Amino acid sequence: MSLFLLLIIVALILGIIGATVHGLLYLLIIGVVVLVADLVYGATRFRRGGRRHRLMR
């Protein structure tokens, strides 16, 4: 879960820097790509996390 939050923070920082600094639009694009990748990662972890595996004895 900490990786998910870290990537959200990185995406926000890159997006803010890319939007405010002239000539660094590529940072905004990288921030959006990181955000989308993080949301996909979080969705797959959330979907798989609900199932409990039984231990064979």
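Predicted model: local features only at pLDDT ≥ 70, side-chain atom pairs only at ≥ 80, totals over all residues.
## Overall make-up

The protein has 57 residues, of which 14% are buried. Its secondary structure consists of 2 helices and 0 strands. Helix 1 covers residues 2-20, and helix 2 covers residues 25-48.

The protein exposes about 5200 Å². Carbon and sulfur atoms supply 72% of that area.

## Helix 2 and its cover

Helix 2 has 24 residues. From its first C-alpha to its last it reaches 35 Å, which is close to the 34 Å expected at 1.5 Å a residue.

The buried residues in helix 2 are L27, G31, D38 and G42. What covers them includes helix 1.

## D38

D38 sits in helix 2. Its relative accessibility is 0%, so D38 counts as buried, the cut-off being under 20%. Which residues does D38 touch, leaving aside those up to four places away in sequence? They are L3, F4, L7 and I8.

## A11 in helix 1

A11 belongs to helix 1. A11 is classed as buried because its relative accessible area is 6%, and the class takes values under 20%. Beyond residues up to four places away in sequence, A11 touches G31, V34 and L35. One of these, G31, is itself among the buried residues of helix 2.

A11 and V33 are 22 residues apart along the chain, and their C-alpha atoms are separated by 8.1 Å. D38 and A11 are 27 residues apart in sequence, with 8.9 Å from C-alpha to C-alpha.

L27 lies in helix 2. With 15% relative accessibility, L27 falls under the 20% cut-off and therefore counts as buried. Not counting residues up to four places away in sequence, L27 touches L14, G15, I17 and G18.

I16 is in helix 1. Is I16 buried or exposed? I16 counts as exposed because its relative accessibility is 55%, and exposed means over 50%. The C-alpha atoms of L27 and I16, 11 residues apart along the chain, are separated by 8.6 Å. For I16 and G31, 15 residues apart along the chain, the C-alpha separation is 8.6 Å.

## Nonpolar surface patch

L3, L6, V10 and Y41 make a nonpolar surface patch of about 320 Å². Helix 1 gives the most to this patch, with 3 residues.

L6, one of the patch residues, is in helix 1. Its relative accessible area is 49%, so L6 is partly exposed rather than exposed, a class that needs over 50%.

Terms used:
Residues numbered from 1 in each chain as written. Heavy atoms only, no water. Helix = DSSP H or I, 4+ residues; strand = E, 2+ residues; numbered from the N terminus. Contact = heavy atoms within 4.5 Å. Buried < 20%, exposed > 50% of the residue type's maximum accessible area, 1.4 Å probe, protein only. Areas by Shrake-Rupley, 256 points an atom, 1.4 Å probe, with all protein chains shown as cover. Patch = residues over 30% accessible without salt bridge, like charges linked within 9 Å, V, L, I, M, F, W, Y side chains within 5 Å. Salt bridge = Lys/Arg side-chain N within 4 Å of Asp/Glu carboxyl O. Expected span 1.5 Å × (residues − 1).
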